[in-house]
Amino acid sequence: MKYTVITGASSGIGYETALAFAARGKNLIIAARRTEELEQLRANVLSMYPDLDVVVSTVDLSITSKVHDFYERLKSYEIETWINNAGFGNFASVGEQNLDKIETMLHLNIEALTVLSSLYVRDYADVEGTQIINISSGGGYTIVADAVTYCASKFYVSAFTEGLAQELKSKGQAMQAKVLAPAATETEFAKRSMDLEEFQYEGTVPKFHTSKEMAGFLLNLYDSEKVVGIVDGETYEFHLKDPIYPYVARQRK
């Protein structure tokens with residue numbers, strides 16, 4: 001039995017991605033900090049697709065030791081697709097940003113994603129049909145004012161994943177690595193980025209996609225042979241692309 005792992009699955013893009021993969025008959029391992037929301041998602045999936053197996057894993061991936069423990073707990077499952085969706089943003093100037101929040105963000109956006117990607121590649125790189133999809137941002141290709149540190153963390157995600165895709169291809173390995181770069185999406189992102197109790201996208205943000213639309217774009221990327229799925233920050237059209245960052249192959253003697 002094969003599984004799709006989705007981190008950050010308790011809301012937003014992760015939640016809708018779980019529903020989208022379930023609709024394709026994929027067994028799920030859903031992970032996030034909030035157990036109640038994960039259990040609600042599990043119940044929702046099983047009400048529509050009762051033959052699927054949905055495994056709930058509560059974990060705070062901003063804590064390094066828990067990242068390793070989380071992966072170890074999944075050793076008994078055959079994992080077909082790994083989606084690193086967990087992450088959050090921050091809006092503040094570099095000189096005024098809350099460093100406690102920033103350190104947590106960097107642990108989650110960069111460190112956890114790198115560790116989980118590395119462990120999954122180590123175990124599954126040569127397994128046919130496997131994919132790893134890391135969620136970046138339009139801010140992983142464009143620096144946004146008052147979100148410099150967040151964008152830098154997503155530049156890392158984009159560069160790391162594009163580089164991984166090139167590396168796997170150069171070695172002739174079976175796994176595909178892909179990066180999804182959304183623009184504004186109706187999730188809890190803005191609320192957490194600005195430390196607000198509530199945030200209404202409608203009437204506040206000129207253009208945005210719903211989480212369900214973004215999960216649809218993720219499926220388009222999953223089905224394609226392209227490495228990058230990116231939303232145009234002006235037109236909000238979704239494009240599938242080859243790697244964007246330059247890549248220099250190592251000269252081997």
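Let me start with helix 1, where the buried residues are G12, I13, G14, Y15, T17, A18, L19, A20, F21 and A22. That makes 10 of the 11 residues of the helix, which spans residues 12-22, and so helix 1 is largely enclosed by the rest of the structure. Please keep in mind throughout that we are looking at a predicted model.

A18 sits in helix 1, and because its relative accessibility is 0%, it counts as buried. What is A18 in contact with, once its neighbours within four places in sequence are left aside? The answer is I6, L28, I30 and L41. To give a sense of distance, S65 is 47 residues away from A18 in sequence, and the two C-alpha atoms are 25 Å apart in space.

From there I would like to turn to the nonpolar cores. The largest one has 41 residues, and within it the residues with the most contacts are L61, F70, W82 and Y120. Several elements give two or more residues to this core, and they include strand 1 (2-7), strand 2 (27-32), helix 3 (64-73), strand 4 (78-84), helix 4 (99-124) and helix 5 (148-170), together with strand 6 (176-181) and strand 9 (228-231). Which element gives the most to this core? Helix 4 does, with 10 residues. There is also another core, lying apart from the largest one, which has 32 residues, among them I13, L28, L41 and A183. If you look back at helix 1, you will recall that I13 is one of its buried residues, and that L28 and L41 are among the contacts of A18.

Let me stay a moment with Y120, one of the residues with the most contacts inside the largest core. Leaving aside the neighbours within four places in sequence, Y120 is in contact with Y71, I79, E80, T81 and W82, and also with A125, T130, Q131, I132 and M175.

Staying with aromatic rings, the structure has 10 aromatic pairs in total. One that I would point out is the pair of Y3 and Y77, whose ring centres are 5.0 Å apart and whose planes stand at 75 degrees, so that the pair is edge-to-face. Since Y3 lies in strand 1 and Y77 in the loop between helix 3 and strand 4, the pair ties together parts that are 74 residues apart in sequence.

Now to the charged side chains, where the structure holds 4 salt bridges, and I will go through some of them. R24 forms a salt bridge with D223, with the closest N and O atoms 2.6 Å apart. R24 is in the loop between helix 1 and strand 2, while D223 is in helix 7 (residues 211-223), so the pair ties together parts that are 199 residues apart in sequence. Both partners are partly exposed, R24 with a relative accessible area of 41% and D223 with one of 45%.

A second salt bridge joins the side chains of K26 and E80, at 3.1 Å from N to O. Here, too, distant parts of the chain are linked, as K26 is in the loop between helix 1 and strand 2 and E80 is in strand 4, 54 residues apart. Are these two residues buried or exposed? K26 is buried, with a relative accessible area of 19%, and E80 likewise counts as buried, at 15%.

In another salt bridge the side chains of K75 and D123 meet, at 3.0 Å from N to O. K75 lies in the loop between helix 3 and strand 4 and D123 in helix 4, so this pair ties together parts that are 48 residues apart in sequence. K75 is partly exposed, with a relative accessible area of 47%, and D123 is partly exposed as well, at 35%.

Finally, let me return to helix 7, which carries D223. This helix has 13 residues and reaches 18 Å from its first C-alpha to its last, close to the 18 Å expected at 1.5 Å a residue. Its buried residues are S211, M214, A215, F217, L218, L219, L221 and Y222.

Notes: Residues numbered from 1 in each chain as written. Predicted model: local features only at pLDDT ≥ 70, side-chain atom pairs only at ≥ 80, totals over all residues. Heavy atoms only, no water. Core = buried A, V, L, I, M, F, W, Y, C linked by side-chain atoms within 4.5 Å. Buried < 20%, exposed > 50% of the residue type's maximum accessible area, 1.4 Å probe, protein only. Helix = DSSP H or I, 4+ residues; strand = E, 2+ residues; numbered from the N terminus. Contact = heavy atoms within 4.5 Å. Phe/Tyr/Trp six-rings, centres within 6.5 Å; stacked < 30°, edge-to-face > 60°. Expected span 1.5 Å × (residues − 1).
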